[in-house]
Amino acid sequence: MTCKKILFVSYPLLAISEHSPGGAEQVLVTLENELFQRGYDTWTAAANGSQVAGGLVETGAPATVAEQLAEREQEHNRLIFQAVAEHRASGRPFGLIHDMSGSFWQMAAEVGCPALATLHLPRSYYPENTWKKTAKNVSFSCVSASHMHDFGKIQNLFLAPNGITLSKFVSEPVVSEEREYFLWLGRICGEKGPHHALDVAYASGERIIVAGAVYPFLYHQKFHAREVLPRLRRAKQRTRFIDSPSFAEKLGLLRHAKALLLTSTVAETSSLVAMEAAACGTPVIGLRRGAVPEVVREGVTGLLADSFE
């Protein structure tokens with residue numbers, strides 16, 4: 001029987017919407033909206049103020065510091081269990097819980113229905129003992145072939161590559177006039193490498209726009225102050241920073257960029273922004289690592305390199 005009532009579980013610290021810069025949040029919003037449009041009864045457990053197509057289980061105020069994670073997770077999980085119990089008591093229980101938070105699935109034995117956990121992070125980010133006590137009602141999905149290869153033999157592991165809502169990006173003709181800047185787009189943090197993109201643009205004499213969000217966590221803010229701001233000042237008129245662009249702003253930036261720079265310092269498990277760039281007719285210049293070669297067709301939708309140099 002097809003499951004028609006689904007509860008999506010988001011990362012607890014921040015509200016989610018189509019404007020979210022994080023890949024996991026974008027995938028959740030895209031998938032939830034698509035299933036809602038197809039007639040599924042979708043619900044999402046996420047921080048207060050989140051914007052989704054179906055029902056919303058608000059699990060508390062967004063956090064202001066990462067140190068609140070343990071406290072927020074406890075509140076988040078308590079309200080999820082409460083919602084699961086209330087829907088079961090109403091006679092319309094959830095048929096599936098799809099966890100994109102990275103951790104809720106570890107309590108899935110207590111929810112009494114099938115659970116699917118999408119693994120967005122590299123395997124090295126998870127403690128080795130994570131997989132030793134997995135409840136029988138839990139399945140896992142990886143987001144690219146290289147990602148799945150890294151996980152190896154884990155019980156109930158499947159491949160479900162990330163994707164985008166193509167119609168949002170190809171509703172207008174591809175921009176054909178001269179494009180004048182490189183673009184870096186994403187979360188402003190060390191592993192995403194905006195500082196490397198600024199170095200590449202500076203060394204090549206190109207203009208660059210850096211667009212993204214600095215999350216309200218101290219280590220992100222310190223990275224931005226230490227690595228990004230000095231490079232923005234160094235480039236002077238050849239660079240611009242756009243804080244937390246809306247979806248419409250992001251689309252405009254992608255459609256008019258000479259190229260998107262993909263400069264992550266870790267192997268990407270997928271790359272939504274590379275897919276979005278391709279849909280806008282904008283080439284990607286990135287490192288040949290992780291899932292990037294699965295997303296970028298070299299010589300057609302972009303160029304791949306083996307080093308920042």
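Two strands pair if DSSP finds at least two bridges between them. Helices (H or I, at least four residues) and strands (E, at least two) are DSSP runs, numbered from the N terminus. With those terms in hand, let's start the tour.

You are looking at a predicted model, in which local features need pLDDT of at least 70 and side-chain atom pairs count only at pLDDT 80 or more, while totals for chains, interfaces and linings use all residues. Residues are numbered from 1 along each chain as its sequence is written, and side-chain values use heavy atoms, leaving out hydrogens and water.

**Stop 1: the sheet**

Select the strands β1 to β7. They form an open sheet of seven strands with parallel pairing, in the order β3-β2-β1-β4-β5-β6-β7. At the edges you will find β3 (55–58) and β7, each of which pairs on one side only. On average, neighbouring strands of this sheet are turned by 25° against each other, direction ignored. (Angles run from 0 to 180 degrees between N-to-C directions, and axes are lines fitted to C-alpha atoms, for helices over the stretch in contact.)

A word of background: strands of a sheet pair through backbone hydrogen bonds, either parallel or antiparallel. Now zoom in on β6 (residues 138–142) and β7, which run parallel and are joined by three bridges. Which residue of β7 stands opposite Phe-140? It is Leu-157.

Next, show α1. This helix packs on the sheet, touching β1, β2 (41–46) and β4 (96–99), and its direction makes about 165° with that of β1.

**Stop 2: a covered helix**

Now select helix α7, residues 272–279. Is α7 mostly covered or mostly uncovered? It is mostly covered, with seven of its eight residues buried. (Buried means under 20% relative accessible area, exposed over 50%, and partly exposed in between, using a 1.4 Å probe and protein chains only.) Colour the buried ones: Leu-272, Val-273, Ala-274, Met-275, Glu-276, Ala-277 and Ala-279. They pack against α1, β8, α6 (247–255), β11 (259–262), β12 (284–287) and α8 (292–295). After α7 comes Gly-281, which has a positive phi, near 75°.

**Stop 3: charged partners**

Side chains of opposite charge can pair when their charged atoms come close. Here a salt bridge is a side-chain nitrogen of Lys or Arg within 4 Å of a carboxyl oxygen of Asp or Glu. How many salt bridges does the structure hold? There are 16.

Select Glu-18 and Lys-168: this salt bridge has its closest N and O atoms 3.4 Å apart. The pair links distant parts of the chain, 150 residues apart, with Glu-18 in the loop between β1 (5–9) and α1 (23–37) and Lys-168 in the loop between β7 (157–159) and β8 (182–187). Glu-18 counts as partly exposed at 36% relative accessibility, and Lys-168 is partly exposed at 32%.

Move on to Asp-199 and Arg-234, whose side chains meet in a salt bridge of 2.8 Å, N to O. Asp-199 is partly exposed at 26%, as is Arg-234 at 34%.

Stay on α5 and pick Arg-231 and Glu-227. Their salt bridge brings the closest N and O atoms to 2.9 Å, and they lie four residues apart in helix α5, about one turn of the helix. Arg-231 is buried, with a relative accessible area of 18%. Now select Asp-199, Arg-226, Glu-227, Arg-231 and Arg-234 together to see a network of salt bridges.

**Stop 4: the rings**

Rings of Phe, Tyr and Trp (its six-membered ring) pair if their centres lie within 6.5 Å; planes under 30 degrees apart count as stacked, over 60 as edge-to-face and the rest as tilted. By this rule the count comes to ten aromatic pairs. One of them is Phe-169 with Phe-247, edge-to-face, at 5.4 Å centre to centre and 70° between the planes. Phe-169 is buried at 4% relative accessible area, and Phe-247 is buried at 14%.

To finish, select Trp-105, Tyr-126, Trp-131, Phe-140 and Phe-151, which form one aromatic cluster.

Methods
Contact = heavy atoms within 4.5 Å.
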